[in-house]
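Please report on the fold, cores and backbone details of the model shown here. Keep it brief, and begin with the packing.

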Amino acid sequence: MAACALRRGLLSGVSRYSRKHSHRILSVSDIKGGAEANKPWLQCRACGLLGGVQQSRLMSSRNRPEGKILEPVGVFEAVKQHGKYETGQLFLHSVFGYRGIVLFPWHARLYDRDITPPVSDSQPEPPPGAHGSKEVKGKTHTYYQVLIDTRDCPHISQRSQTEAVTFLANHDDSRALYAIPGLDYVSHEDILPYNSAEQVPIQHELFERFLMYNPTKAPPFTARDTLKAWQEKNHPWLELSDVHRETTENIRVTVIPFYMGMREAQNSHVYWWRYCIRLENLGSEVVQLRERHWRIFSLSGTLETVRGRGVVGREPVLSKEQPAFQYSSHVSLQAPSGHMWGTFRIERTDGSHFDVRIPPFSLESNKDDKAPPAGYTF
């Protein structure tokens, strides 16, 4: 069917699908191997054509590579251009392709250094040595706390850590770090919503503890009291407030810092943060991350330089088929605030290199001392 609505939709954007066709969303974890693995796919029930959400090329069920198994997981819904998704909304991640469900939204300040700000006489001074001196205005942007389907984790491991919320332990061991795996923060534009007839469509140990099936609601999954209590108690540790973004030569770096708390060590205070970083290749050239170069400035007056190969033991390749990589790490300071910035050394296929800027971001501690998270064990 040459005029298939799915074909038109893939060429013009997912928000413009024809209402005449119903589209099944296919789980990325069920696409086995090859360059098409780990990508969300849509199938048109009317004509059987398959198409990747992030590309216009189509595959039919008859000519897809041998050994690939596609399995429907739900029915695609219209992408929200305005407003926000509600608790219980099922979705596919538009970049990493995993299945997930929305727990609750956050409103963050997005500082995008790719947007040229107006000239200001009251422009603040950048941290010592930080690249760039322009003031960046933050705009409100919606992110979501979500659960990741554990079945999809093995299939996204090459492009993303299985995200987790980490926090300091609630006992005397100041070095202990705990994590709740399978929790991620997803930007509004990365949500591809769908619905499912399954009462337990997501596999995660917290799914049935946090959500209940209610067929009279839309979406049909509502928050249990345990989710509401958990969010209220752990709000300081879960909430993201600032997101920083900058693009260099088609490589976009997004950073989200989180304050984790303070611990006493050898008669001094040590403040901890975690930060999530996503690299995206917005161009068509294949590149590889080879080195990282960090500068960490503390309010105490110290400036630390950190260099090393890759990130989290990896040197990810960013290509058109797998354009993004995401990871998390941690940093500590002996002061309640500081700044971080730096560069990633990127290598092209011809062996040449260029440096991608990591946007400067603040490490700010909260004014009130907080206890470690409560309610993380059930």
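## Nonpolar cores

In this predicted model, the largest nonpolar core has 47 residues. Tyr-98, Ile-101, Leu-103, Trp-230 and Leu-240 touch the most other members. Strand 7, residues 99–112, supplies the largest share of this core, with seven residues.

Beyond residues up to four places away in sequence, Leu-103 touches Thr-87, Gln-145, Val-146 and Leu-147, among others. Its list of contacts also includes Leu-183, Phe-210, Leu-211 and Leu-227.

## Strand 7 and its partners

Strand 7 is mostly covered, with eleven of its 14 residues buried. Which strands pair with strand 7, and in what sense? Strand 6, residues 90–93, pairs with strand 7 in the antiparallel sense over three bridges. Strand 8, residues 138–148, also pairs with strand 7 in the antiparallel sense, over eleven bridges. Strand 15, residues 242–248, pairs with strand 7 in the parallel sense over four bridges.

Leu-90 has Ile-101 in strand 7 as its bridge partner. Ala-108 is partnered by His-141 in strand 8. Asp-112 stands opposite Arg-245 in strand 15. The hairpin of strand 6 and strand 7 has five residues between the strands. Gly-97 in this hairpin takes a positive phi near 80°.

Arg-99 belongs to strand 7. Is Arg-99 buried or exposed? Arg-99 counts as buried because its relative accessible area is 6%, under the 20% cut-off. Arg-99 and Ile-148 are 49 residues apart in sequence, yet 6.2 Å apart from C-alpha to C-alpha.

## A buried aspartate

Asp-190 sits in the loop between strand 11 (183–187) and strand 12 (191–195). Asp-190 is buried, with a relative accessible area of 6%. What does the side chain of Asp-190 make a polar contact with? The partner is the side chain of Arg-278, at 2.8 Å.

Setting aside neighbours within four places in sequence, Asp-190 is in contact with Leu-92, His-93, Ser-94, Val-95 and Arg-278.

## Cysteines

How many disulfides does the structure hold? The count is zero. Cys-153 is buried, at 13% relative accessible area. Cys-276 also counts as buried, at 10% relative accessibility.

Strand 22 covers residues 337–348, and strand 23 covers residues 353–364. The two strands pair in the antiparallel sense over ten bridges. Met-340 has Phe-361 in strand 23 as its bridge partner.

Four residues lie between the strands of this hairpin. Gly-351 there takes a positive phi near 95°.

## Backbone exceptions

Most residues other than glycine have a negative phi, and most peptide bonds are trans. Several places in this chain depart from that pattern. The peptide bond from Ala-218 to Pro-219 is cis, with omega near 0°. Pro-219 lies in the loop between strand 13 (211–213) and strand 14 (221–223).

Asn-250 is not a glycine, yet has a positive phi of about 70°. Asn-250 is placed in the loop between strand 15 and strand 16 (251–265). Asn-250 is partly exposed, with a relative accessible area of 44%. Val-312 has a positive phi too, near 45°. Val-312 is found in the loop between strand 19 (303–309) and strand 20 (317–318). Val-312 is partly exposed, at 40% relative accessible area.

## The chain as a whole

The protein chain has four helices and 23 strands. Buried residues make up 51% of its 378 residues. The accessible surface of the chain comes to about 18,100 Å². Carbon and sulfur atoms account for 46% of that surface.

Consider contacts between residues at least 6 apart in sequence. Of these, 66% join residues at least 24 apart.

Definitions and conventions: Residues are numbered from 1 along each chain as its sequence is written. Side-chain values use heavy atoms; hydrogens and water are left out. Buried means under 20% relative accessible area, exposed over 50%, partly exposed in between (1.4 Å probe, protein chains only). Contact means heavy atoms within 4.5 Å. Accessible areas come from the Shrake-Rupley method with a 1.4 Å probe; for residues, only the protein chains shown count as cover. Two strands pair if DSSP finds at least two bridges between them. A nonpolar core is a set of buried Ala, Val, Leu, Ile, Met, Phe, Trp, Tyr and Cys residues joined through side-chain atoms within 4.5 Å. A polar contact is a pair of N or O atoms within 3.5 Å; within protein, one must be able to donate a hydrogen and the other to accept it, and residues adjacent in sequence count only if both atoms are side-chain atoms. A disulfide is a pair of cysteine sulfur atoms within 2.5 Å.
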